[in-house]
Amino acid sequence: MKKTPFLFNYLSRIFSPRRIMAGKNQFNIWQLLFSLFLLVALLMVPITLQIGKMTTFNLSLIMPEPYNLSLKDSLNSVSNGTFKNGRLHADDVTTKTEQTLAAVDTTNQLPIVQGDDGPTLKGVKTAVVFQEKAVTIISNDLYRFSLPYTKDTSTADFRTAASFEKWVNQQWFKSNQSVIVPTLLLMAFIALLLTQLLTWLAVSFFISLVKRSKLSDIRSGKEVFAISTMLMGAPAIVTTLISLLTFNIMLFMTVLSFGLIAMVLAVFSITHFRIPKK
């Protein structure tokens, strides 16, 4: 009899509690690890598509200080000015405290030094400076960058603090998209992989307790891992399909978690972790 490829064998079992129990000796440890990795890759599909749709990044999550500055005078000056060919024409104004600065400096009067690590301004830890060709932002002396105006930049982008924040978030994302997107994908993959591994171990621990009770047909650790891996299959596929239609991270985690609980309960209630009798 021709042997069924393990991946098809795995997929044919994960939606049936009886076939899950019947297949507890069908896979070796490497096949189980590959299946687990495949489930993670599958779950990454809707996450990857969602990250690929990003057009902005909320910088206030990592550097809220510039958005807490008193920008009223600076924004009034910019919104009453004009943009022409990516250059700002507006009256210079300055709002300064001990270590913070908000200013419009189209005449380059402020001693801003552009270095390899970004712009610096002596004696200032946090600053927002509207220069002739760019907005320079310094956040607590940790994040420092300049965002050039584009041909599409207009005074409407700076009428309120909210519109200014929106413009900065969008322009910063565009300038750093080639780094941000791969970084977010890598972080999401690592977080998802660790979550799935911990879930796999937790489910395996629960099933190992059933194994010790001598009331089931589970006889070895490999069988425990096999059942755990098959239990995680259906929730991962259902979560992926739902997330492709409508993505919400809370819905994603809820379907994945409750789906796994439902599969464990289904296997227990239908088979009591025993191989079905022929």
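**Core contacts and salt bridges in a predicted model**

Me: In this predicted model, which residues is Phe158 in contact with, leaving aside its neighbours within four places in sequence?

Reply: Phe158 is in contact with Leu75, Val78, Ser79, Phe83, Phe130, Tyr149, Thr153, Ser163, Phe164 and Trp167.

Me: What makes Phe158 stand out in the largest nonpolar core?

Reply: Phe158 is among the residues with the most contacts inside that core of 64 residues, along with Phe130, Phe164 and Leu231. Helix α5 (residues 161–212) gives the most to the core, with 13 residues. A second, separate core has 8 residues, among them Ala103 and Ile138.

Me: Why is the pair of Lys24 and Glu223 called a salt bridge?

Reply: The closest N and O atoms of Lys24 and Glu223 are 3.1 Å apart. The cut-off is 4 Å, so the pair qualifies. Lys24 lies in the loop between α2 (17–22) and α3 (29–52) and Glu223 in helix α6 (residues 221–245), so the bridge ties together parts 199 residues apart in sequence.

Me: How do you know whether Lys24 and Glu223 are buried or exposed?

Reply: Buried means under 20% relative accessible area. Lys24 has 3%, so Lys24 is buried. Glu223 has 6%, so Glu223 is buried.

Me: What makes Arg87 and Glu132 a salt bridge?

Reply: Their side chains meet at 3.2 Å, N to O, and the limit is 4 Å. Arg87 is in strand β2 (residues 87–89), and Glu132 is in the loop between β7 (126–131) and β8 (134–139).

Me: Why is Arg87 called partly exposed?

Reply: Its relative accessibility is 32%, which falls between the 20% and 50% limits, so Arg87 is partly exposed. Glu132, at 21%, is partly exposed by that rule.

Definitions and conventions
Residues numbered from 1 in each chain as written. Predicted model: local features only at pLDDT ≥ 70, side-chain atom pairs only at ≥ 80, totals over all residues. Heavy atoms only, no water. Core = buried A, V, L, I, M, F, W, Y, C linked by side-chain atoms within 4.5 Å. Buried < 20%, exposed > 50% of the residue type's maximum accessible area, 1.4 Å probe, protein only. Helix = DSSP H or I, 4+ residues; strand = E, 2+ residues; numbered from the N terminus. Contact = heavy atoms within 4.5 Å.
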